[in-house]
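Welcome, and thanks for taking a look at this one with us.

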Amino acid sequence: MTILSRGSLPKQVVQSGVTIDAEISTQLIEGVFFPKAPLHDGALVIRDMRICAASCVLPSSTRNSIDFGMMGTRHRAAVGVTEVSDALVVVVSEETGIVS
C-alpha cells in the first residue's frame with residue numbers, strides 16, 4: 001500500500017515505520033514491495049515528492065457503515081488512514097494485482 005501524504009498524516013504513522021527519505025524511483029518501490037523483503041509489510045509513505053518511510057502501521061477503520069465484505073485488513077487500514085488525514089491511498093492486491 002502506498003500513501004500519498006498532503007501533509008496531514010499523523011506523525012505516529014510515519015514514526016511507526018522505517019525512515020527512508022529518498023527520491024522516488026521504480027527500483028526502490030519494487031524493492032520495498034518485493035515479497036519477503038524486510039519492509040514489505042505495511043505502508044509506503046510519499047510526502048513532498050520523496051519516499052519518507054516504509055513498513056508503516058496504519059490505523060484501522062472503525063466505521064460500521066462500510067461493508068468491507070471480501071476486503072481484508074489492508075483495505076480497512078487504507079480507509080482508516082483516510083479517516084484521520086487527507087492522504088490519498090493506493091492499495092494493490094497481492095493476489096490479483098488489482099489497484100484500488
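## A bridge to start from

Please keep in mind that the model is predicted. The strands around this pair are β3, residues 43-47, and β4, residues 50-56. These two strands run antiparallel and are joined by four bridges.

## The sheet and its helix

Now for the wider setting. Five strands make up an open sheet with mixed pairing, and their order across the sheet is β2-β4-β3-β1-β5. At the edges sit β2 (18-23) and β5 (88-90), each of which pairs on one side only. On average, and with direction ignored, neighbouring strands of this sheet are turned by 20 degrees against each other.

Helix α2, residues 26-33, packs on this sheet. The helix touches β1 (2-5), β2, β3 and β4. Compared with the direction of β2, that of α2 makes an angle of about 155 degrees.

## The largest pocket

How much space lies in the largest pocket? The value is about 500 Å³. The lining of this pocket is made of 20 residues, and those closest to the centre are Met 1, Phe 33, Arg 74, Val 92 and Glu 94.

Which element gives the largest share of the lining? That is helix α3 (residues 73-83), with three residues.

Key:
Residues numbered from 1 in each chain as written. Predicted model: local features only at pLDDT ≥ 70, side-chain atom pairs only at ≥ 80, totals over all residues. Heavy atoms only, no water. 1 Å grid on protein atoms, 1.4 Å probe; cavity = no way out; pocket = protein on both sides within 12 Å on 5 of 7 lines; lining within 4 Å. Points joined across faces, edges and corners; volume = space filled by probe spheres on them. Pairing = 2+ DSSP bridges. Axes fitted to C-alpha atoms, helices over the stretch in contact; angles between N-to-C directions. Contact = heavy atoms within 4.5 Å.
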